[in-house]
Amino acid sequence: AMLKGVEQLVNQKVSVITVDGRSVVGVLKSVDESMNLLLGDSYEYISREDIGVVEIPLNLHILRGDNV
């Protein structure tokens, strides 16, 4: 059921929080049965008190399903 919901988001901009707390935003290009995500035009956002919010371009990026 969860996979069907995520499949409906293909070609839309999504925000993903990883198990270790990373924040990645990008266009969902593909998802498989293991919930591995392929994001296009993606960025990781890092927020720290000393430097504020930093945007790191990841471009085409794969997130493993066991990490989201």
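Ser47 has Val53 in E4 as its bridge partner. The model is predicted.

Q: What makes E3 and E4 count as paired strands?
A: Pairing needs at least two bridges. E3 and strand E4 (residues 52-63) are joined by 10 bridges, so they count as paired. They run antiparallel. A hairpin of 3 residues links E3 to E4.

Q: How do you know that E2 and E3 pair?
A: The cut-off is again at least two bridges. E2 and strand E3 (residues 37-48) have 7 bridges, in the antiparallel sense, so they pair. Ser30 has Leu38 in E3 as its bridge partner.

Q: What lies between E2 and E3 in their hairpin?
A: There are 5 residues between them. Met35 sits in the turn, with a positive phi of about 65 degrees. Met35 also lines the largest pocket.

Q: Why is Gly26 called buried?
A: Buried means under 20% relative accessible area. Gly26 has 2%, so it is buried. Gly26 lies in strand E2 (residues 23-31).

Q: What surrounds Gly26, leaving out residues up to four places away in sequence?
A: Gly26 touches Gln12, Lys13, Val14, Leu39, Gly40, Asp41 and Ser42. Ser42 is 16 residues from Gly26 along the chain, and their C-alpha atoms are separated by 3.9 Å.

Q: Why does Thr18 count as buried?
A: The relative accessibility of Thr18 is 4%, which is under 20%, so Thr18 is buried. Thr18 is in the loop between strand E1 (13-17) and E2. Beyond four places in sequence, Thr18 is in contact with Leu63, Asn67 and Val68.

Q: What makes the approach of Thr18 to Arg22 a polar contact?
A: The side chain of Thr18 reaches the backbone nitrogen of Arg22 at 2.9 Å.

Q: Which residues line the largest pocket?
A: The lining is Met2, Val6, Leu9, Val14, Ser15, Val16, Leu28, Met35, Leu37 and Val68. Helix H1 (2-7) and E1 are the elements that give two or more residues to this lining. E1 gives the most, with 3 residues. The pocket holds about 150 Å³ of space.

Q: How do the lining residues of the largest pocket divide by class?
A: The lining has 9 nonpolar residues, 1 polar and no charged. Val, Leu and Met count as nonpolar. Ser15 is in the lining.

Notes
Residues are numbered from 1 along each chain as its sequence is written. This is a predicted model: local features need pLDDT of at least 70, side-chain atom pairs count only at pLDDT 80 or more; totals for chains, interfaces and linings use all residues. Side-chain values use heavy atoms; hydrogens and water are left out. Helices (H or I, at least four residues) and strands (E, at least two) are DSSP runs, numbered from the N terminus. Buried means under 20% relative accessible area, exposed over 50%, partly exposed in between (1.4 Å probe, protein chains only). Contact means heavy atoms within 4.5 Å. A polar contact is a pair of N or O atoms within 3.5 Å; within protein, one must be able to donate a hydrogen and the other to accept it, and residues adjacent in sequence count only if both atoms are side-chain atoms. On a 1 Å grid over the protein atoms alone, a cavity is a set of points where a 1.4 Å probe fits but cannot get out, and a pocket is an open set with protein on both sides within 12 Å along at least five of seven lines; lining residues have an atom within 4 Å of a point. Grid points are joined across faces, edges and corners, and a volume is the space filled by probe spheres set on the points.
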